[in-house]
Amino acid sequence: MAPSPSYSVFWSFFSSRHFLARIVSTLLCSILIVIQPFSKYGGSLAFLALTIKELNFAPQDNLAHQLEGLVLNLFGGLTGIGISLLGNYIASLTGDTALARTIPAVFLAFICFFMGWLKSALPRLTMSSRLVCFISIWMFTQDPGAKSESSLMALYCVWLVLTAAFTSFCSCLIFLRWSTAHFAQDIASALSSLHHCLESNLQSPFQFNPDTPAASSATLTSLRAKAVALSSSYQQASFELRFGRIGVKSIKPLISIVEHLRREISWGMSFPQAEVHYSPSDAFEGTVIGFFRQPATDLGHAILDSISLVRSLVLKCYDAPAPVAMLDDSTINRAKDQLTESVQRARAALEKFCDDLDKERRISSDESSDLPPRAFNLCLFMISLLQMAEEAEQALNVAHVILHSYQTSSVRLWHPRLSLAWFGVAPSTILLEETETLPENLFALQDLNNAVDPSYRPSEEILQEISLGRKLQRNDIEDPGTKTKGLVRMLYRFRFNKIIWSLWNHPIILQARLKLHELVMSFKKSSRIDIKHAFKNALGVSMLAIPAFLPASSAGRQWFIFYRGQWMLITYIWVLETNTGATLRVGYLRIAGTILGALYGYIASLISQNNPYALVALVTFAEIPISAAIMRTSFPSVGVVANITLPPILFSNYITGMDFATGELATIRGMMICAGIAGAIVVNGFIFPRHARVIFLDGISQILESLTKLYMGLSRDLLQTFGSQGRSKQKTMKSELRIRNALQRMSNLITSMGDELSLVPIPTKKYRHLVRTLQKLLDLFTGLRKIRENIPRRETVIEVAEERRELISCICVSLFACEQVFLARHTLPQFLPSYRQALENLKHSIDLHIRNTREKLHGPMGLSLIYALAETNILTDIVETIDELLELSRQLFGTAAWFDGPLDVNTTRSLNEQIALF
């Protein structure tokens with residue numbers, strides 16, 4: 001009898017190495033805490049070893065991640081101890097008690113500021129910087145300025161950090177493997193999704209039923225998310241320790257191949273079948289379907305086989321679980337031969353169809369070069385399959401290189417180079433509690449516009465004007481006039497202010513000034529967010545820590561000691577996130593975790609009655625649901641904060657020997673943690689609000705600006721010679737990648753908006769529609785770039801340059817208007833230049849020149865005719881998408897109307913055509 005699915009799920013969880021490592025680490029750490037001869041080196045705070053273990057040294061997926069976290073966090077913990085010991089030592093040298101309390105407060109504020117900046121600027125040091133703050137808070141607020149207490153507290157903290165680090169690392173040595181192939185598995189998962197999408201779309205163009213199942217929008221959205229995640233997954237994998245035969249850089253080319261295949265499926269295989277009525281009785285449609293079915297099916301299956309082969313090989317060579325298969329050079333060569341033969345047959349069939357159709361048009365003397373919708377869709381489908389075959393061939397070449405390296409290499413240790421790039425990548429050892437709680441610099445869209453804002457740089461006319469003014473002034477200095485003589489003339493020549501002004505505006509110095517200005521602006525843009533986050537971190541801790549540095553006899557100091565206000569400060573640091581929505585989400589999840597942890601701690605204290613065996617058993621038992629929440633749910637912060645709430649409630653009475661009321665102890669700890677959460681919400685939500693909606697609108701504005709530049713670049717490349725397009729193509733592809741990543745970040749921000757409190761309703765549905773529209777526009781631009789590589793330039797570019805210029809201007813003006821609407825939050829003008837009319841003029845001119853070329857040539861135009869028609873079809877889709885974008889902008893921000901009369905289609909079209917004439 002086969003086991004039930006639920007049993008399999010539970011067994012896979014309880015038998016996982018990660019889960020066992022967490023259980024054993026908690027068990028070991030709890031045992032060391034209750035052994036009095038050993039835990040005495042941790043003093044009354046020995047229970048904090050469990051807290052530090054969970055927050056900084058929790059077991060990870062593999063031993064390489066654990067070792068990296070061990071080194072970085074040990075360095076952070078010892079650094080925090082050293083700095084705090086120095087601050088307390090300096091404070092103990094002063095004779096003034098007020099100054100002795102002030103110095104630790106200043107040190108704590110400075111440490112929190114610097115660590116907040118470090119956390120925001122270098123994500124890999126997030127946990128290390130938090131541990132520095134954790135240690136500093138306990139050492140500075142326990143007894144400020146006392147030298148003996150400071151040394152003893154430093155010894156306690158060393159014991160806490162070492163116990164937490166090595167109990168966790170020992171359990172990981174027992175259960176975890178050295179490394180895992182997460183990046184290879186992500187590549188394989190993306191290839192599987194590609195296989196599914198292509199297989200679903202392969203037969204849809206040949207069916208007459210419009211309800212034929214094809215790849216759904218949800219499947220395509222999931223595929224896009226996987227393709228976007230590959231870049232960050234590669235960054236993490238390239239900066240991690242791992243054992244293996246080959247490095248992750250060998251499969252890096254597959255990232256771009258996956259994205260190119262996804263875009264082909266997105267724009268080349270999505271036909272509006274519902275708008276075209278197909279009839280099985282149509283003889284022409286039946287002929288077209290019969291002509292293309294077999295070559296398209298053969299080519300599609302060859303591409304599918306290539307994708308499956310590459311997926312299996314990647315999993316095999318990176319030691320990931322994979323189906324057993326015999327993979328060698330002959331297997332790859334057979335797949336290449338099959339793909340090449342299928343491509344040749346499909347290309348020959350497409351060329352024959354185009355030639356026959358062209359001959360028929362010559363005989364019929366049809367004035368239009370348009371094809372019937374069915375035939376045109378099938379031609380586009382074949383073109384898309386041919387382009388996907390090129391990408392599949394590149395994937396097979398990459399797979400061949402990987403297999404050769406795997407067969408000729410031995411197992412070795414792959415390690416990263418220590419650099420700023422390594423520190424700037426967030427490691428997988430950092431537990432991101434939500435997808436939107438990323439470092440704030442990841443939300444900044446500065447990568448879309450690497451250069452400084454052009455408004456800061458004077459134009460060439462202004463530079464010439466400055467230079468001309470300098471020359472005129474120099475002439476004025478050299479010829480002061482005939483009336484100035486003697487000493488007066490000499491003094492006039494040495495008017496230092498004019499000399500300095502002349503040197504200051506010298507062309508060489510002027511260029512140096514502009515370069516320096518660009519560097520300063522770049523630094524401001526890159527560091528502004530980091531410094532702001534650091535200031536919020538230091539401000540909140542300083543305000544909450546004021547009672548800790550009051551005189552010992554004051555009520556505030558007594559309150560801080562009795563209620564253990566350190567938990568309030570620590571919680572503030574852990575909850576403070578980069579935007580208001582993320583802080584609120586983390587805040588209420590941590591409040592829920594605090595309540596659950598306090599309830600369990602209260603019940604467990606009543607049961608254990610300070611019995612060490614019972615304490616260890618109950619803490620270990622609590623690790624089971626906590627690990628399930630951390631490892632298998634989308635809200636791991638509930639488990640984390642519940643885990644750190646337990647130790648002070650369970651172990652305080654046992655370690656100190658005092659008898660606090662269990663209910664009171666649980667209530668006090670819960671109140672302090674909730675107070676820290678409330679402080680973070682107040683600072684990030686009201687004092688320094690950074691709402692996800694504001695970030696989203698600014699980000700959409702920058703994305704629209706980048707899309708405008710991308711389209712202008714595509715148009716510029718179209719009018720240039722072929723020899724100058726190599727570097728521009730690489731730049732275009734990088735720009736496409738940056739826009740795609742920015743759109744994914746905007747999707748994450750929409751999720752964060754749902755956690756914010758706002759008096760104004762947030763139209764999240766419209767925002768999601770907006771992101772999908774911009775993603776569609778980006779895919780269309782990519783398809784336009786690839787189609788334009790094969791169009792006939794003379795008929796479609798050179799002879800219609802004026803019409804193209806008009807269409808480019810209209811599209812750019814519309815995109816610029818949308819950009820300014822989102823940037824300034826103003827209404828959209830009622831009428832804009834008509835890009836539809838410009839497109840109709842371009843299509844008419846292209847038809848005319850193609851007809852003239854057809855009359856001059858004796859032979860058929862071949863595939864160039866299909867590519868020319870495909871370009872006009874994509875331009876039509878671009879125009880429709882911009883229409884959708886303008887309509888969304890009007891719905892979100894309104895319309896600045898100046899025509900109040902009744903509008904119908906003819907009136908609107910007439911007004912647009914009149915505006916287009918200006």
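The model is predicted, so local features need pLDDT of at least 70 and side-chain atom pairs count only at pLDDT 80 or more, while totals for chains, interfaces and linings use all residues. Residues are numbered from 1 along each chain as its sequence is written, and side-chain values use heavy atoms, with hydrogens and water left out. The protein chain holds 34 helices and four strands. Helices (H or I, at least four residues) and strands (E, at least two) are DSSP runs, numbered from the N terminus.

**Confidence**
- pLDDT is the predictor's confidence in each residue, from 0 to 100.
- The protein chain has a mean pLDDT of 78, and 76% of its residues reach 70 or more.
- Over residues 210–214 the pLDDT is below 50. Beyond near neighbours in sequence, this stretch has seven contacts in the model. Contact means heavy atoms within 4.5 Å.
- Residues 271–281 also have pLDDT under 50. For them the model has 17 contacts beyond four places in sequence.

**Burial and contacts across the chain**
- The protein chain has 918 residues, and 51% of them count as buried. Buried means under 20% relative accessible area, exposed means over 50%, and partly exposed lies in between (1.4 Å probe, protein chains only).
- Take the contacts in the protein chain with a separation of 6 or more: residues 24 or more positions apart account for 85% of them.

**Nonpolar cores**
- A nonpolar core is a set of buried Ala, Val, Leu, Ile, Met, Phe, Trp, Tyr and Cys residues, joined through side-chain atoms within 4.5 Å.
- The largest nonpolar core has 131 residues. Ile-303, Tyr-318, Phe-696 and Ile-878 have the most contacts inside it.
- Helix α14 (residues 373–408) gives the largest share of this core, 19 residues.
- Ile-878 is in contact with Leu-777, Leu-780, Phe-781, Leu-784 and Ile-811, leaving aside its neighbours within four places in sequence.
- A second, separate core has 87 residues. Ala-164, Leu-544, Leu-615 and Leu-646 are among them.

**Aromatic rings**
- Rings of Phe, Tyr and Trp (its six-membered ring) pair if their centres lie within 6.5 Å. Planes under 30 degrees apart count as stacked, over 60 as edge-to-face and the rest as tilted.
- This rule gives twelve aromatic pairs.
- Phe-107 and Phe-140 are a tilted pair, because their ring centres are 6.2 Å apart and their planes are at 45 degrees.
- That pair links distant parts of the chain, 33 residues apart. Phe-107 is in helix α6 (residues 97–121), and Phe-140 is in helix α7 (residues 126–142).
- Phe-107 is partly exposed at 22% relative accessibility. Phe-140 is buried at 0%.
- Phe-110 and Phe-114 are a stacked pair, because their ring centres are 6.4 Å apart and their planes are at 10 degrees.
- Both Phe-110 and Phe-114 lie in helix α6. They are four residues apart, about one turn of the helix.
- Phe-110 is exposed, with a relative accessible area of 55%. Phe-114 is partly exposed at 36%.
- Phe-110, Phe-114 and Trp-117 form one aromatic cluster.

**A charge over a ring**
- Arg-245 lies over the face of Tyr-406, at 5.0 Å from the ring centre. The rule asks for NZ of Lys or CZ of Arg within 6 Å of the ring centre and within 35 degrees of the ring normal.

**Cysteines**
- A disulfide is a covalent bond between the sulfur atoms of two cysteines. Here it is a pair of cysteine sulfur atoms within 2.5 Å.
- The structure holds zero disulfides.
- Cys-133 has its closest cysteine sulfur in Cys-112, at 4.3 Å, which is too far for a bond. Cys-133 is buried, with a relative accessible area of 1%.
- Cys-810 is in no disulfide, and the nearest cysteine sulfur, that of Cys-812, is 9.5 Å away. Cys-810 is buried at 3% relative accessible area.

**Positive phi angles**
- Arg-564 is a residue other than glycine with a positive phi, near 55 degrees. Arg-564 sits in the loop between α21 (555–562) and α22 (566–575). Its relative accessible area is 19%, so Arg-564 is buried.
- Asn-610, also not a glycine, has a positive phi near 65 degrees. Asn-610 is in the loop between α23 (580–608) and α24 (612–632). Its relative accessible area is 32%, so Asn-610 is partly exposed.
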